[in-house]
Every structure is written in C-alpha cells, then in structure tokens.
Amino acid sequence: MSELLRLRAGAIAQVLVGEGPAFALVCLYVFIEYVRPQSIYPAIDIIPYAQVSILTALVARLASRERIDLDNPVTRLLAVFLVVLQFSWWGAWAPMFSGERVVTHVVWGIVFFLVVTTVTTRQRFFVFLFLYLLWNLKMSQHGFRSWAARGFGYDNWGVTGAPGWFQNSGELGIQMCIFLPLSLYFMAAVRPWCARWKWLLLAFLPLSAVATIIATNSRGAVVGAAAAFAWMALTSRRRVRIALLAIVVAIAGYSVMPEKTLERFDAAGQDETSQNRLLRWQIGWEIMQEHPWLGIGPANWGPYYQTHYPPEEGLERYGLPHSIFVDAGAEYGFTGLALFLLLILYAFLNNRRTRRMARAMDDRMLATLAGGMDAAMVGLLASSAFISVFFYPYFWVHIAFIVALNKVASAAYAHHEAAAPAAAGEGVRALTTGGRAWRRA
C-alpha cells in the first residue's frame with residue numbers, strides 16, 4: 001500500500017492488471033464514459049465501447065468467486081428507487097417517452113453494483129479513485145487550455161467537455177465541483193508518503209478544476225465550489241487553513257473572472273435566465289402537487305410541459321426544470337424525491353461511519369477520503385440544484401464511491417478488531433516469558 005501512496009506507476013499498474021478482469025473492466029468503463037475517446041476521435045468509433053465494457057465487466061464479476069456483499073442502506077434504497085422507477089413508467093403521463101430514461105437509470109444501478117462489489121480492497125479503491133481523478137483531469141486541463149486560448153476572456157457558452165454527459169458548460173461545471181474537493185482531499189491523503197515533486201504536480205488538479213469552473217461561466221458551478229469550500233471550512237479539523245485557502249481561491253478567482261461573468265452574478269435573480277428557472281421551479285411544484293405519488297413519469301417533463309404550458313403563455317416550449325430536486329419530484333413524485341433525499345442522507349451517514357472506523361484504526365487515508373466524499377457531495381448538490389441532471393452519472397457514481405469506501409473501511413475495521421484480542425493474548429503470554437519478548441509486546 002505504501003508504494004501506491006507514493007504514486008509509483010508500477011504499483012498502480014500491478015493493481016490494475018493483477019486484481020482480476022472485473023476490476024480492470026470497471027476501470028475501463030469509467031474511462032470510456034467520462035473521457036469518451038470515441039467521441040473525441042471519431043475514427044475509432046466503430047463499436048459501442050461503453051455497452052461492451054459494462055456488460056463484460058458484469059459477466060466477469062458474476063463469474064468471479066469473490067463474495068458479493070450488498071448489505072448497506074444505500075443499496076436497499078437504490079433497489080426501492082428502481083422499483084418506484086418501474087411503477088412511475090407504468091403510470092407515466094406518456095409512457096412512450098420513458099423507455100430510454102428507465103434504461104439509463106438501470107445502467108447506473110448496474111454501475112453501482114459493479115463498483116461496490118468489485119472495488120472492495122484498500123488497494124483497489126485507491127487505484128480506482130486515482131484513475132477517476134485522472135479522467136477528470138482530462139476534462140479540466142481541456143477546460144483550462146480552452147480558457148487560456150481565448151485569453152482568459154468571456155464566452156457566452158463557456159468551455160465545454162467531450163460529447164456526452166459533460167458537453168454542456170453547466171454540466172461540466174458540476175463535475176468540476178465534484179473533482180475539486182476530491183482532488184484536494186486526495187492530496188491531503190497522500191502527502192505523508194508522496195514525493196514533494198509529485199505532490200506539487202498534483203496541485204494542478206484542483207487548480208485546473210477552479211479554472212474550468214470559472215471558464216464555464218456557470219453561476220451554479222461557482223455556487224457549488226463555494227459550498228464545497230464552506231463545508232470543508234466548517235467540518236475540517238484544520239478549519240483555519242481551509243478558510244484561508246478558500247479566501248485565497250475566492251480572491252484569485254474574483255481577480256481573473258471576466259467582467260461579464262461578474263455582471264451575470266450581479267443580475268442573478270433578475271435576468272431572464274433566473275426568471276425562467278424560478279418559473280419552472282414553480283411549475284415543477286405544481287406538477288408534484290397534481291401527481292404526488294409517482295409524478296408524471298420518467299422523461300415526461302418535455303412533452304407534458306409542451307402540452308400544458310404552451311409557448312403563447314411566454315414560456316419556452318421545451319423548458320427543463322433546471323434543478324435536480326425539481327426533476328426528481330416532478331417526474332417521480334414525492335415518493336421518488338423522498339428516496340432521493342434519503343439516499344443523500346445515508347450517503348453522509350456512510351461517510352460518518354467510515355471516518356469513525358478509520359479514526360479507531362488510526363487510518364488517516366480512509367478518514368481523509370471520507371471527508372472528501374462529503375465535500376464533493378455538497379459541491380454536487382449545490383451546483384446541480386440549478387440543472388436537470390437527475391439521470392446523469394454524477395450522483396449515482398458518487399454514492400457508489402461512498403458505499404465502496406465504507407465497505408473497504410468496514411472490512412479493515414473487522415480485521416483490526418479481530419487482531420486486537422490476538423495481540424492482547426500475545427501480550428499476556430509475553431509477560432510470562434519476560435525479557436525481550438515482554439518488551440516487544
């Protein structure tokens with residue numbers, strides 16, 4: 001493990017290659033889904049890479065002899081949500097629009113299953129997280145370079161990611177709000193072991209994330225980053241350092257933020273974009289009250305909105321709810337929204353339990369990473385409160401990370417507790433023999 005914490009390429013490659021095909025295929029799937037090389041280089045887009053990688057990973061995992069452990073409240077809540085999803089589809093206002101959305105949610109359920117049942121050891125989790133950060137770095141360095149190419153100036157649409165989940169500037173901003181705190185806590189976790197020059201190179205991860213957040217021109221992303229820093233300052237044992245870092249980042253960000261971006265913040269709540277969002281949130285609340293149990297159905301917002309709120313009333317024909325919470329409540333009812341909120345709650349409870357076990361074992365790495373998962377969740381929720389991304393990978397992949405980390409900590413803690421009585425017994429035996437053996441005990 002110490003070689004991994006030193007970020008030795010050979011040790012990372014050994015885990016990636018030597019931990020079985022299921023683990024390697026899960027890592028491959030996340031790479032394909034987040035980086036989308038087939039979209040960047042159309043010449044290689046000859047097979048459905050994402051589908052092939054996730055299906056082969058599932059087959060490899062089911063064929064593996066490793067134990068499948070799904071005992072976690074988040075897992076049970078996710079299973080209930082998938083059932084609610086099915087009933088919402090059956091009772092949808094227009095079921096013909098729901099099929100693809102249902103499949104998407106099922107895919108995230110499969111991804112969750114693969115992550116929590118495959119990323120089961122400390123070594124695997126570390127490598128999986130490190131690779132995930134690298135895939136995010138691919139996006140953030142592209143955003144940084146794009147912003148630099150236009151002289152760090154303003155662009156109406158902001159920088160975007162590769163075609164797919166992160167192509168829109170606001171969607172890229174949400175991912176950066178997850179990436180930013182995770183990269184900071186990862187740096188803190190490896191600092192005692194990592195060579196200084198490597199650790200300084202890691203500093204480009206959060207730096208590029210901040211730059212990309214500014215370059216997206218997304219007010220929601222800036223709010224998400226600010227919320228993540230506020231959470232870190234309030235919950236970290238090094239509150240003063242985090243607060244100072246947040247102040248430095250805020251001052252630096254403000255000084256390089258284009259003037260037109262600042263003007264958008266001054267107009268927040270009054271401009272057309274803000275008014276449209278407020279109006280859609282109001283409509284979303286009305287829909288929840290009219291369809292309280294299961295909502296209007298998956299992917300039904302667009303056609304329902306078009307029919308019930310025509311453009312002659314001054315509304316955009318296909319206006320989205322522009323909030324992950326309104327999206328969940330309108331399409332899946334108060335039942336779906338309640339399950340979503342419970343999943344959030346139990347994600348935080350998982351992290352709290354992970355930290356308690358890690359501190360009992362004096363395991364700084366696990367405790368630090370659990371703190372990073374909390375801060376990333378706050379950044380995710382704050383930024384996605386302004387964009388309809390309930391069926392995007394952000395939340396579903398993140399809770400998979402959280403549950404996997406909790407399972408790794410639980411296994412380590414069980415081993416620690418089992419070893420403690422044995423160690424105590426050896427100490428007692430050593431007392432009877434005296435001398436060097438006693439001093440060792």
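Hi everyone. Contact here means heavy atoms within 4.5 Å of each other. With that in hand, take glycine 297: leaving out residues up to four places away in sequence, glycine 297 touches Ser88, Ala92, Ser98 and Glu331.

Before I go on, a word on where this comes from. The model is predicted, so local features need pLDDT of at least 70 and side-chain atom pairs count only at pLDDT 80 or more, while totals for chains, interfaces and linings use all residues. Residues are numbered from 1 along each chain as its sequence is written, and side-chain values use heavy atoms, with hydrogens and water left out.

Back to glycine 297. Where does glycine 297 lie? You will find glycine 297 in the loop between helix H15 (272-290) and helix H16 (301-308). Helices here are DSSP runs of H or I with at least four residues, numbered from the N terminus, and strands are runs of E with at least two. Glycine 297 has a relative accessible area of 0%, so it is buried. Buried means under 20% relative accessible area, exposed means over 50%, and partly exposed is in between, using a 1.4 Å probe and protein chains only.

H17 brings us to arginine 355. Helix H17 covers residues 324-360, and arginine 355 is found in it. Is arginine 355 buried or exposed? Its relative accessible area is 15%, so arginine 355 is buried. Setting aside neighbours within four places in sequence, arginine 355 is in contact with Ala367, Ala370, Gly371 and Asp374. For a sense of scale, arginine 355 and arginine 8 are 347 residues apart in sequence, and their C-alpha atoms are 26 Å apart in space.

In general, side chains of opposite charge can pair when their charged atoms come close. The rule used here is a side-chain nitrogen of Lys or Arg within 4 Å of a carboxyl oxygen of Asp or Glu. How many salt bridges does a search of the whole structure find? The search finds 11.

Arginine 8 meets glutamate 3 in a salt bridge at 2.8 Å, N to O. Glutamate 3 has 34% relative accessibility, so it counts as partly exposed, and arginine 8, at 38%, counts as partly exposed. Further along, aspartate 71 and arginine 76 form a salt bridge, with the closest N and O atoms 2.9 Å apart. Aspartate 71 is exposed because its relative accessible area is 55%, whereas arginine 76, at 46% relative accessibility, counts as partly exposed. Salt bridges that share partners also join Glu3, Arg6 and Arg8 into one network.

Glutamate 33 is among the buried residues of helix H3, a list including Phe23, Tyr29 and Val35. H3 has 15 residues (residues 21-35), and at 1.5 Å a residue they should span 21 Å; the end C-alpha atoms are 21 Å apart, which agrees. The expected span is 1.5 Å times one less than the number of residues.

Arginine 36 sits in the loop between H3 and helix H4 (37-40). Its phi is near 55°, a positive value in a residue other than glycine. Leucine 7 has a positive phi too, near 60°. Leucine 7 lies in the loop between helix H1 (2-5) and H2, and at 11% relative accessibility it counts as buried.

Last stop: H2 itself. Helix H2 (residues 9-18) packs on helix H8 (residues 122-149) at an angle of about 110°, with axes 10 Å apart. Axes are lines fitted to C-alpha atoms, for helices over the stretch in contact, and angles run from 0 to 180 degrees between N-to-C directions. H2 and H8 are therefore roughly perpendicular to each other, a label for angles of 65 to 115 degrees; under 35 counts as roughly parallel, over 145 as roughly antiparallel and the rest as oblique. H2 brings Ile12, Val15 and Leu16 to the contact, and H8 brings Gln123, Arg124, Val127, Phe130 and Leu131.
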